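Trainee: I've got a model open and I'd like to learn how to read its features. Could we go through it together?

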Amino acid sequence: MHAAGNADVSECLKVVVGVAGGIAAYKAAHVVRGFKELGHDVRVVPTESALNFVGAATFEALSGNPVSTTVFDAVDEVQHVRVGQEADLVVVVPATADFMARAAHGRADDLLTATLLVATCPVVLAPAMHTEMWNHPATRDNVAILRRHGTIVLDPAHGRLTGKDTGPGRLPEPEQIVSLALAAVENPRHFRRDFEGVRFMITAGGTREAIDPVRFIGNHSSGRQGFALAEMAAQRGALVTVVAGHTDQLPTPLGANVVKVDSTLEMAEAAHEPSKLADVCIFAAAVADFRPASTAGAKMKKGVADDALSNIQLVENPDILATTVERRKAGEIPATTTMVGFAAETGDETTTPLELAKQKIVRKGCDLLMCNDVSGGQTFGATDNVGWLLSLDGEQWDVPRGSKFSVAGSILDAVSELRQEPQPAE
């Protein structure tokens with residue numbers, strides 16, 4: 001196993017945002033703004049039908065670049081070829097059923113489809129349509145063709161559609177589209193569909209241990225890394241259940257079933273059954289090691305409760321990772337289930353974070369362990385991450401700094417390789 005090299009998305013990229021003709025076209029404006037706020041150069045290429053939903057003036061104002069739909073504009077500059085050739089990333093928001101049908105079969109009857117045909121950079125399509133359209137065999141065939149050709153077709157979100165309809169087919173949130181698209185630039189291989197039908201159970205976010213109805217013991221975890229793992233696993237075809245503590249109101253990972261909890265005890269209980277059915281368990285949550293021995297039923301007032309607040313008795317919480325590994329040893333969980341842990345370490349005067357992580361993986365018995373140095377306010381709440389990935393048999397890989405989606409891709413690559421290794425005979 002090894003960590004693949006990543007492209008640097010902190011530099012200014014030339015991003016083409018394509019817009020097809022669907023009601024979700026208005027969200028493309030937020031995607032354009034998202035790329036612009038990160039410092040990227042954005043060119044919007046809508047279809048003619050898209051302009052029935054959002055006018056060219058809006059896209060020109062947001063992007064700072066001219067908008068064109070036809071191959072007959074700027075013919076002297078060979079625009080129908082140049083736009084795609086110069087792009088570092090092409091994102092189509094929304095990708096309608098009609099647009100994907102044309103793109104899958106190599107049509108080039110407008111500037112956007114022509115751009116896709118000449119682009120050699122990552123191409124990301126964010127579908128949006130009614131559930132029946134998304135599930136139609138023709139659309140499924142077109143998605144398969146596009147993916148076979150190397151196009152990244154995101155799975156849509158589940159939720160409210162046009163009118164009263166609800167189901168799969170909703171456009172992902174603009175923040176999700178921008179993050180996933182940039183992750184594709186960092187490493188397109190992180191989007192290969194190598195987990196089709198594989199069941200994942202992922203814990204994410206921070207837990208809170210109540211002192212009274214107002215106060216709690218918690219930590220600075222935002223849940224971003226756990227949600228990024230869920231997002232990336234689902235985009236690789238996995239069936240994902242997330243047991244989530246507090247996650248800073250992040251968008252729900254696309255295609256994942258999310259179970260919300262507050263405390264470590266609640267997380268342990270909620271993860272118990274899904275872990276029995278999972279092929280891969282990833283414990284990315286920042287769980288509290290201790291909880292108050294008792295919780296006050298009413299708010300503890302200042303002055304009256306000073307002594308109680310300064311002498312809170314703590315008891316140890318269950319170690320969810322270690323107990324799940326023990327359940328695997330006992331046969332309650334299949335021996336083939338892959339277990340991945342996290343170690344958020346600061347080190348001390350005598351031991352580095354990496355050395356502590358090496359001790360932890362032996363102690364916990366998980367197959368892989370991602371180690372982060374969280375000293376000095378690193379990692380928690382940030383949008384990027386860096387660290388080391390360890391295996392139980394003593395291997396170690398550097399995980400280069402990148403977005404948490406890119407780091408999630410590197411972790412999932414290691415999981416994929418580990419699952420492909422021959423299993424020892426019993």
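Mentor: Leaving aside neighbours within four places in sequence, L321 is in contact with F283, G341, K364 and C366. Keep in mind that this is a predicted model, where local features need pLDDT of at least 70, side-chain atom pairs count only at pLDDT 80 or more, and totals for chains, interfaces and linings use all residues. Residues are numbered from 1 along each chain as its sequence is written, and side-chain values use heavy atoms, with hydrogens and water left out.

Trainee: Is L321 buried or exposed?

Mentor: Buried means under 20% relative accessible area, exposed over 50%, and partly exposed in between (1.4 Å probe, protein chains only). L321 has 8% relative accessibility, so it counts as buried. It is found in helix α12, residues 320-329; helices here are DSSP runs of H or I with at least four residues, strands are E runs of at least two, and both are numbered from the N terminus.

Trainee: Where does UniProt place the feature "binding site"?

Mentor: UniProt positions follow the numbering used here, with feature names shortened, and annotations may be inferred rather than shown by experiment. The unreviewed entry lists D289, K299, P318, D319, I320, L321, F342, K360 and K364. They are spread over 76 residues of sequence and up to 37.5 Å in space between C-alpha atoms.

Trainee: What about F342?

Mentor: F342 lies in strand β16, residues 338-345, and is buried at a relative accessible area of 12%. Beyond four places in sequence, its contacts include L229, I282, F283 and K360.

Trainee: Which residues have the most contacts inside the largest nonpolar core?

Mentor: In soluble globular proteins, nonpolar side chains tend to be buried together. A nonpolar core is a set of buried Ala, Val, Leu, Ile, Met, Phe, Trp, Tyr and Cys residues joined through side-chain atoms within 4.5 Å. The largest one here has 73 residues, and F35, L89, F200, L229, V240 and I282 have the most contacts inside it. A second, separate core of 26 residues includes A20, A119, V143 and V153.

Trainee: How many aromatic pairs does the structure hold?

Mentor: Rings of Phe, Tyr and Trp (its six-membered ring) pair if their centres lie within 6.5 Å; planes under 30 degrees apart count as stacked, over 60 as edge-to-face and the rest as tilted. The structure holds one aromatic pair: F195 and F200, edge-to-face, at 5.0 Å centre to centre with 75° between the planes.

Notes: Contact means heavy atoms within 4.5 Å.
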